[in-house]
Amino acid sequence: MKRILPLLLALLLLTACASKGATIPQKPQRETDKTTLSTQPPVASTQTLTTTEPAPTEPETTEPQGQTVDEQLSVLAQCGGQWFQEAEYSENYQFCVTDLDQDGRLELIFGSMQGSGLFTFFSIYRVQDGGLHTLTDAMREESLPDLIVQSAPVYEKDGRYYYHFEDVMRNGVAEGMKDNVLFCLDADELTFRSVAYLISSYAPDSSEPTVSYYDAEDVQIDEAAYERIVGDPMPDAKRWSAAFRWISAPEKEPPQEELLSMLTQSWEGFSLQPIE
């Protein structure tokens with residue numbers, strides 16, 4: 001992949017830029033030895049948080065001292081000016097309230113999928129000390145895993161929750177790449193790592209694509225091996241299914257009461273259910 005991917009990404013970026021008339025940020029490399037999510041500007045300094053162990057049948061969450069869920073939702077609404085971004089490049093901005101690491105502190109994800117190359121961008125904030133702490137602000141800086149989905153597989157190991165997302169990039173209909181990423185929030189640190197990916201392309205005289213499959217070490221594998229990895233990337237982990245409720249953001253920040261209602265609706269749609 002280290003020889004193939006840069007050329008493909010260059011083609012993808014050129015196509016996306018031409019279609020939007022604006023510079024599209026470069027997609028980060030998937031390197032298994034660099035799992036920390038790198039953003040520009042840098043992620044704010046982090047603090048270590050205590051992760052609560054899940055109960056046998058469902059995740060157990062604890063609320064930060066002095067901050068109930070309702071109080072945290074109110075903080076998100078009151079700080080709307082900090083995270084709410086106007087749709088400068090598209091009308092596809094959405095937001096979602098989650099508790100990805102199940103520690104009782106709510107996160108607010110604000111993001112968008114833009115351009116014909118299907119670039120996903122997002123910023124993530126967490127309620128902390130009566131205000132908002134920026135976990136990452138990567139809006140329009142990089143193409144990141146496609147978090148804007150209704151559901152995702154989750155793997156729990158050692159008190160950490162790994163969410164399986166895809167990252168799809170396209171160069172028109174002729175070329176594309178799909179990466180499979182495990183995304184984790186732990187101790188205020190966001191990490192991701194690729195487990196397997198594929199690259200597809202159409203020859204000018206062919207109606208069927210040529211597809212190449214690779215593992216996390218950039219070693220080419222066959223389709224069966226790829227499907228095995230993607231189907232169960234963490235065989236020794238407990239499995240969950242996550243549900244998300246994304247809310248389409250209006251072009252302008254709504255009144256605080258209306259925004260609180262939208263945030264509450266999103267939070268009520270987030271859940272983790274065990275898979276037996």
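**Close-up 1. Helix H2 passes helix H5 in a right-handed crossing.** In this predicted model, H2 spans residues 69–78 and H5 spans residues 256–268, and the two helices pack at an angle of about 130°, with their axes 9 Å apart. That angle makes H2 oblique to H5.

**Close-up 2. Residues of H2 meet residues of H5.** From H2, the residues in this contact are Val69, Leu73, Ser74, Leu76, Ala77 and Gln78, and they meet Gln256, Leu259, Leu260, Leu263, Thr264 and Trp267 of H5. Sorted by class, the contact of H2 with H5 holds eight nonpolar and four polar residues, with no charged residues.

**Close-up 3. Eight strands form an open sheet with antiparallel pairing.** The order of the strands across this sheet is S10-S9-S8-S7-S6-S5-S11-S13. Strand S10 (220–221) and strand S13 (271–274) stand at the edges, and each has a single partner strand, so one side of each is left without a neighbour in the sheet.

**Close-up 4. Strands S5 and S11 run antiparallel within the sheet.** Strand S5, residues 151–157, is joined by six bridges to strand S11, residues 238–243. Glutamate 156 stands opposite lysine 238, which belongs to S11.

**Close-up 5. Helix H4 lies across several strands.** Helix H4, made of residues 223–231, lies across S5, S6 (160–171), S7 (175–186), S8 (189–201), S9 (210–215), S10 and S11, and the helix runs at about 155° to S8.

Key: Residues are numbered from 1 along each chain as its sequence is written. This is a predicted model: local features need pLDDT of at least 70, side-chain atom pairs count only at pLDDT 80 or more; totals for chains, interfaces and linings use all residues. Side-chain values use heavy atoms; hydrogens and water are left out. Axes are lines fitted to C-alpha atoms, for helices over the stretch in contact, and angles run from 0 to 180 degrees between N-to-C directions. Helices (H or I, at least four residues) and strands (E, at least two) are DSSP runs, numbered from the N terminus. Angles under 35 degrees count as roughly parallel, over 145 as roughly antiparallel, 65 to 115 as roughly perpendicular and the rest as oblique. A crossing is left-handed if the near helix is turned anticlockwise from the far one by less than a right angle, and right-handed if clockwise. Contact means heavy atoms within 4.5 Å. Ala, Val, Leu, Ile, Met, Phe, Trp, Tyr, Cys and Pro count as nonpolar, Asp, Glu, Lys and Arg as charged, and the others, Gly among them, as polar. Two strands pair if DSSP finds at least two bridges between them.
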